[in-house]
Amino acid sequence: MPVNPGYVFKQLTPRDMKILRVIEKLMRKYEYVPLDIIVSRSRMVDKDVSLVFSKLNSLKLVKRYRGDYTGYRITSLGYDCLALEDLVRRNIVYALGPKLGVGKEADLYLGLSPANEKIVVKFHRVGRTSFRQVKRLRVYAEEAEVSWLLRSSISAEREFKALIECLKAQVNVPIPLGRSRHAVVMKHINGVLLLKYRNPSDPETMLRTILDSVRRAYLIVGIVHGDLSEYNVMVELGTERPILIDWPQYVEREHPSAPILLERDVKYIIGFFKRKYRVEIPVKEALKYVRGKIEEI
Ligand SMILES: Nc1ncnc2c1ncn2[C@@H]1O[C@H](COP(=O)(O)OP(=O)(O)OP(=O)(O)O)[C@@H](O)[C@H]1O
Ligand SMILES: [Mg+2]
């Protein structure tokens, strides 16, 4: 079973973090950062650096290369710890709890904020599946891992930005609390996926509320979710408020694929309510509404 990054993080000292940060920075330039450069940049003596490395190695936070030179790179667990340290220092995260779920392109953990509120930490892992395929070809494996880190960070940045803008435009989204590297922190939603929600008191209002959010995202923020379905909407228990989650793949309204994606998002969600609750809103009308061509449906 993969280890909980929160558990590993707690075992790290400022020296360990310092070395991780030095490697992270130099990974833009090197696939494996040469040990001598790490030593000189860390301003620590050789002996201390090797103690730190034996610890980082055994915790699987770094990976060693031994060939014409000795070098290191950080692993995804190492990257998780770097993000956590930053989030803890900035008072966004207090503790990391159990795993909430494994998505296609993310690992989600339950956590606590310094104010003792439940939070969710989403570690983006872009290209995880393709990386496994690539790994068989040893030559490309390490290269894929480096860009995996960068792409995951870009994905997290996109999601965080979308959440901030959507919140301002009163789109129903999880409340974003912070981001570091590939990790997005948001408030925990006390709810279940729309797919699993049983007996909504008013399914039609629920659908209209979702379409209102799609409309606001489109007209005010200028973006299309792009992966909307009963799997990416959560229903808050008690209020029955539908909340649109999982935004990294959004596209801007001006993007050539935006019209197709908007239509698909609307069709999927309308199709679900029709199949499950016999609520019928014509797709054409709904599309007019979300594009701002009519005021209400
Ligand atoms: N803010 C939140 N509060 C509570 N649960 C959440 C929150 N955000 C996400 N989840 C849960 O975690 C799951 C995965 O989240 P998300 O869809 O953002 O990631 P993903 O990698 O795209 O996963 P998937 O591949 O399953 O779509 C969701 O289906 C939901 O059950
Ligand atoms: Mg999802």
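## Two residues with positive phi

Glu240 sits in the loop between strand E11 (233–236) and strand E12 (242–244). (Helices, H or I with at least four residues, and strands, E with at least two, are DSSP runs numbered from the N terminus.) Glu240 isn't a glycine, yet its phi is positive, at about 60°. Its surroundings put it in the middle class: with 16 C-beta neighbours inside 10 Å, Glu240 counts as partly exposed. For that class, a residue is buried if 20 or more other C-beta atoms lie within 10 Å of its own, exposed if 12 or fewer, and partly exposed in between, with C-beta atoms placed from the backbone.

Arg278 is also a non-glycine with a positive phi of about 60°. You'll find Arg278 in the loop between helix H9 (258–277) and helix H10 (283–290). Arg278 has 9 C-beta neighbours inside 10 Å, so it counts as exposed.

## The model and the chain

A word on what you're looking at: this is a predicted model, where local features need pLDDT of at least 70 and side-chain atom pairs count only at pLDDT 80 or more, while totals for chains, interfaces and linings use all residues. Residues are numbered from 1 along each chain as its sequence is written, and chains are lettered from A and ligands numbered from 1 in the order in which they are written.

The chain has ten helices and 13 strands, and its C-alpha trace spans about 70 × 40 × 30 Å along the principal axes. Of the 297 residues in the chain, 37% are buried. If you take the contacts with a separation of 6 or more, 60% of them come from residues 24 or more positions apart; a contact here means that two C-beta atoms, placed from the backbone, lie within 7 Å.

## Strand E3 and its partners

Now to strand E3 (residues 70–74), which is mostly covered, with four of its five residues buried. E3 runs antiparallel to strand E2 (residues 62–66), and five bridges join the two. (Strands count as paired if DSSP finds at least two bridges between them.) E2 and E3 make a hairpin, with three residues between them. Within this pair, Tyr65 stands opposite Gly71, and Arg64 has Tyr72 as its bridge partner.

Strand E1 (residues 33–34) also runs antiparallel to E3, joined by two bridges. Here Tyr72 turns up again, as the bridge partner of Val33.

## The five-stranded sheet

Another set of strands, five in number, forms an open sheet in the order E4-E5-E6-E8-E7, with antiparallel pairing. E4 and strand E7 (176–180) stand at the edges with a single partner strand each, so one side of each is left without a neighbour in the sheet. From one strand to the next, the twist averages 25°.

Inside the sheet, five bridges join E6 to strand E8 (residues 183–187), and the two run antiparallel. Phe123 stands opposite Ala183 of E8. Helix H5 (residues 76–89) lies across E4, E6, E7 and E8, at about 130° to E7. For these angles, axes are lines fitted to C-alpha atoms (for helices, over the stretch in contact), and values run from 0 to 180 degrees between N-to-C directions.

## Domains and where they touch

The chain is divided into domain 1 (1–83), domain 2 (90–188) and domain 3 (191–290), with bounds that come from an automatic or database domain assignment. The C-alpha centres of domain 2 and domain 3 lie 22 Å apart. Contacts between these two involve 14 residues of domain 2 and 15 residues of domain 3. Helix H7 (residues 138–168) gives the most to the domain 2 side, with seven residues. By class, that side of domain 2 has seven nonpolar, four polar and three charged residues. (Ala, Val, Leu, Ile, Met, Phe, Trp, Tyr, Cys and Pro count as nonpolar, Asp, Glu, Lys and Arg as charged, and the others, Gly among them, as polar.)

## Around ligand 1

Ligand 1 is surrounded by 18 residues, the closest being Gly103, Lys104, Ala106, Ile189 and Asp246. Strand E4 (95–102), strand E5 (106–112) and strand E6 (118–124) are the elements that give two or more residues to this shell. (A residue is near a molecule if its C-beta atom, placed from the backbone, lies within 6 Å of it.) The shell is made up of ten nonpolar, four polar and four charged residues.

Where does ligand 1 lie relative to domain 2 and domain 3? Both domains give residues to the shell around ligand 1, so it lies between them.
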